[in-house]
Amino acid sequence: MKQMIADGVEFFFGWLPEWMQYVTSTTIAILIVMIGVILVVAFSTYFERKVIGSMQARVGPNRVGPLGLGQPFADVIKLLIKEIVIPAKSSRFLFVIAPLLSLVPALAAWAVMPLHPGFVIADINAGLLYVLALTSVGVYGVILAGWATNSKYALLGAMRSAAQIVAYEIAMGFALVGVLMAGGSLNLGVIVNAQSGGFLNWFLIPLFPLFIVYWVSGVAETNRAPFDVAEGESEIVAGFHVEYSGVAFALFFLAEYANMVLISGLTAIFFLGGWASPFEGWTFLNGTALAFLAAPSFVWLFAKICFFMYSFFWYRATFPRYRYDQIMRLGWKVFIPVTIIWIAVEGVMAWARIGPWAGLS
Amino acid sequence: MLFQSILFYTFSAVLVGAALGVVFFKNPIHSVMCLVLAFFQSAMLWLLIEVEFLAIVLVLVYVGAVMVLFLFVIMMLEVNVEAVKRGLTRYAPLAAAIALLMAIELVQLIWFRGDATGASGSFAATPEGYDNTKALGSVLYTEHVYAFEIAAVILLLAIVAAITLTMRKRPGLKVQDISKQVAVRAKDRVRIVKMDAEKKS
């Protein structure tokens, strides 16, 4: 895929100097990924309403376009033409920049995501650390929005969100320590490759407790139900984005969904083998019409992301909201000990050369 | 090389500007945001000399965790801006003295290193496939393992001490025992009685 882009650029822009060709092909790759992510985000709002609708025995959006598929675009246009109200007593600059601060990290993290065999925008060695750093920066948008608004409800939401994200980030980081021990690298591509060879090689099986911790922490980190106390519309109206309207609100909305897609993708890459096919090595499929099932491709990653997105919506329709002190208890007293114990177990097993960690010396 | 120099001077200029902002902004929140920017810029400078592990860890630890807690605390406190401004002029001589001392030490260090190595400050690019993280890990856990472990123990001690100092037990506080709550079964709480329908007399 990346080679295809580079070839295409060389065909059309062969007269440019080499570094400009490189810049052009990278820009095209970035554009492809960004447009893809934003389209997925747009349609996941539709997906969410349909899923929750069917769980509550309703129809969901069905007016705009065939099957209601035009609904996301109608929503976007509605938000774009609404007025942005900036509260008079707010801190103007921070109020405006806060939505951007929450959106940019969610999109920037896609730079190191291996989307297809051989396709990744930036193949860096410290990819896992980069992802961790960016997901931790995303909290600034929420905190600053809450503070800059100069409203009690918004500040309460920001405080809750900050405490929650700081707590769950530690559990997430520790869960990823387990992944990097099993994969033997911080490079996401290497981690995916370490899981190739069918679903029995996925880290989901040896790292099951870490998978649960990572996924639940991911749900908490994106402020989604049942951990959505930062918004908590029944208690503090809308939390940190009470005063946001129009495009500024749309950016927060976009950031939340982009973060959900990101967490889904990361969970798929770390624990479910990313673009690796679950049926890899089923040689009897060769030559049949189903041979494509055994090939690793972007389709598998997309399917896994869709599954996790569905899970997000499923939880929202199923679970009641956690109480704040219970969220803190779950993060600090349950998840962090579980991850630490499992890292120790992993270390002992690597030392005894049992399981997939025997490769570690 | 020219491109790198441009990047270096841009990042450095923003870094110096942000550092000045930390001192001169009146609103503490704005100061904290400037400090975040300063951390980010120094991480960028580290990336320029290809120490990606330290750079990303700087963002992860300082920007992602420490500064969030800073913001948290500052937002909770009612900061008196007037008092803070008076403090700036009062402590200025002391601060200037400390800054001067630090500057002298830095200049000495740079001077000394320049003399010893004869290098003009340009870093050799790392070879292809060199992994910063791996190199750091292998040194940290073999040669310096005792220092590393002692540092870890000291930090743990600090956490435990801080928690014991700030923990207070209020008498008569009602706390739920969550494991007890989770362990509750329906038959402990509800008794289902089967009885025949009553007949009208």
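Chain B of the predicted model contains 8 helices and 0 strands. From the N terminus on, its elements follow the order α-α-α-α-α-α-α-α. Chain B comprises 201 residues, of which 12% count as buried. Among contacts in chain B between residues at least 6 apart in sequence, those joining residues at least 24 apart make up 53%.

The interface between the chains involves 16 residues of chain A, which are in contact with 18 residues of chain B. On the side of chain A that touches chain B, two or more residues are given by each of H5, helix H6 (139–148) and helix H7 (152–183) of chain A. H5(A) provides the largest share of this side, 6 residues. By class, the residues of the side of chain A that touches chain B are 13 nonpolar, 2 polar and 1 charged.

The partner of H5(A) considered here is H3(B). The axes of helix H5 (residues 127–137) of chain A and helix H3 (residues 52–76) of chain B come within 9 Å and cross at roughly 20°. Because this angle is under 35 degrees, H5(A) is classed as roughly parallel to H3(B). The crossing of the two helices, H5(A) and H3(B), is left-handed. From H5(A), the residues A:Leu129, A:Tyr130, A:Leu132, A:Ala133, A:Ser136 and A:Val137 take part, and they meet B:Ile56, B:Val57, B:Val59, B:Leu60, B:Val63, B:Gly64 and B:Ala65 in H3(B). The contact of H5(A) with H3(B) has 11 nonpolar and 2 polar residues, with no charged residues.

A helix pair within chain A was also examined. Helix H4 (residues 92–108) of chain A packs with helix H11 (residues 246–271) of chain A at an angle of about 25°, their axes being 8 Å apart. H4(A) is therefore roughly parallel to H11(A). The crossing of H4(A) and H11(A) is left-handed. On the H4(A) side, A:Pro99, A:Leu100, A:Ser102, A:Leu103, A:Ala106 and A:Leu107 meet residues of H11(A), namely A:Ala248, A:Leu251, A:Phe252, A:Leu254, A:Ala255, A:Ala258, A:Asn259 and A:Leu262. The contact of H4(A) with H11(A) divides by class into 12 nonpolar and 2 polar residues, and no charged residues.

Helix H2 of chain A covers residues 18–55. Its 38 residues should span 56 Å at 1.5 Å a residue, and the end C-alpha atoms are 54 Å apart, which agrees with that expectation. The buried residues in H2(A) are A:Ser25, A:Ala29, A:Val37, A:Val40, A:Val41, A:Ser44, A:Tyr46, A:Arg49 and A:Lys50. After H2(A) comes A:Ala57, with a positive phi near 55°.

Most residues other than glycine have a negative phi. A:Leu67, a residue other than glycine, has a positive phi near 60°. A:Leu67 is placed in the loop between H2 and helix H3 (71–80) of chain A. A:Leu67 counts as exposed because 12 C-beta neighbours lie inside 10 Å. A:Asn223 likewise is not a glycine and has a positive phi of about 60°. The place of A:Asn223 is in the loop between helix H9 (208–221) and helix H10 (233–236) of chain A. With 24 other C-beta atoms within 10 Å, A:Asn223 is buried.

Notes. Residues are numbered from 1 along each chain as its sequence is written. Chains are lettered from A and ligands numbered from 1 in the order in which they are written. This is a predicted model: local features need pLDDT of at least 70, side-chain atom pairs count only at pLDDT 80 or more; totals for chains, interfaces and linings use all residues. Helices (H or I, at least four residues) and strands (E, at least two) are DSSP runs, numbered from the N terminus. The expected span of a helix is 1.5 Å times one less than its number of residues. A residue is buried if 20 or more other C-beta atoms lie within 10 Å of its own, exposed if 12 or fewer, and partly exposed in between; C-beta atoms are placed from the backbone. Axes are lines fitted to C-alpha atoms, for helices over the stretch in contact, and angles run from 0 to 180 degrees between N-to-C directions. Angles under 35 degrees count as roughly parallel, over 145 as roughly antiparallel, 65 to 115 as roughly perpendicular and the rest as oblique. A crossing is left-handed if the near helix is turned anticlockwise from the far one by less than a right angle, and right-handed if clockwise. Two residues are in contact if their C-beta atoms, placed from the backbone, lie within 7 Å. Ala, Val, Leu, Ile, Met, Phe, Trp, Tyr, Cys and Pro count as nonpolar, Asp, Glu, Lys and Arg as charged, and the others, Gly among them, as polar.
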